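Here are a few friendly notes to read alongside the model. Take the points in order, and keep the 3D view open as you go.

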Amino acid sequence: MKRFLIFFTFSDNFHSFSMNLFHQPKEQLIAPCGMNCGICLAFLRTKNNCPGCRSGAAGQPNYCRRCIILNCEKLEKTSSKFCYECDTFPCKRLKQLDKRYRTKYRMSMLENLAEIRELGLEYFIKSQEEKWHCPACGGSLCVHRGFCLKCYDKKSAIH
Ligand code: SF4
Ligand code: SF4
Ligand SMILES: [Zn+2]
């Protein structure tokens, strides 16, 4: 519980330091659905990049700003602000999203959420950093492209 209190204190003050998007608190990059925005193409690209799901900052694509999950009333009522705490978890919308990502990108939002619930957000962030680490340059692999956008090292490709 303490972890989440710290997180929401960060969240309240977030806009004051959101200019440096790559240095925002890592917790901000983990979306309510379990998506790690830090491995998203829109976050990693250099032009018109997205600051991440929870940033609330300008530059977010409309489809993320208007995301049904992020704006879900039931999510608002949870203390963790993660879908796993919802009484209808996993809802149809989340299951569809998970299926799409498992099929296209070999990544599961539901598995991510289970890891966050069982092992904690801090653990999850560390395991994500290890899982998506580019061995060639130390950057992040991109879940959508399947390789690192910084060095284009195809040997590290995940798909
Ligand atoms: S496009 Fe959506 S999933 Fe990607 S970084 Fe932005 S908010 Fe996150
Ligand atoms: S799992 Fe619950 S909180 Fe998450 S999007 Fe579905 S209904 Fe909303
Ligand atoms: Zn790289």
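This is a predicted model: local features need pLDDT of at least 70, side-chain atom pairs count only at pLDDT 80 or more; totals for chains, interfaces and linings use all residues.

**Notes on helix 5 and its chain**

1. Which residues of helix 5 are buried? They are Leu94, Leu97, Asp98 and Tyr101. These residues lie on the same side of helix 5 because they cover an arc of only 100° around the axis.

2. What do the buried residues of helix 5 pack against? Their partner is helix 6, which spans residues 109–119.

3. Next, look at the length. Helix 5 runs over residues 92–105, which makes 14 residues. From its first C-alpha to its last, helix 5 reaches 19 Å, close to the 20 Å expected at 1.5 Å a residue.

4. Have a look at what comes after the helix, too. Arg106 follows helix 5, and the phi of Arg106 is positive, near 55°.

5. Finally, step back to the chain. How many helices and strands does the chain have? There are seven helices and zero strands, and along the sequence the pattern reads α-α-α-α-α-α-α.

6. The chain has 159 residues, and 26% of them count as buried. Among contacts in the chain with a separation of 6 or more, 41% come from residues 24 or more positions apart.

Methods
Residues are numbered from 1 along each chain as its sequence is written. Chains are lettered from A and ligands numbered from 1 in the order in which they are written. Helices (H or I, at least four residues) and strands (E, at least two) are DSSP runs, numbered from the N terminus. The expected span of a helix is 1.5 Å times one less than its number of residues. A residue is buried if 20 or more other C-beta atoms lie within 10 Å of its own, exposed if 12 or fewer, and partly exposed in between; C-beta atoms are placed from the backbone. The arc is that of the directions from the helix axis to the C-beta atoms. Two residues are in contact if their C-beta atoms, placed from the backbone, lie within 7 Å.
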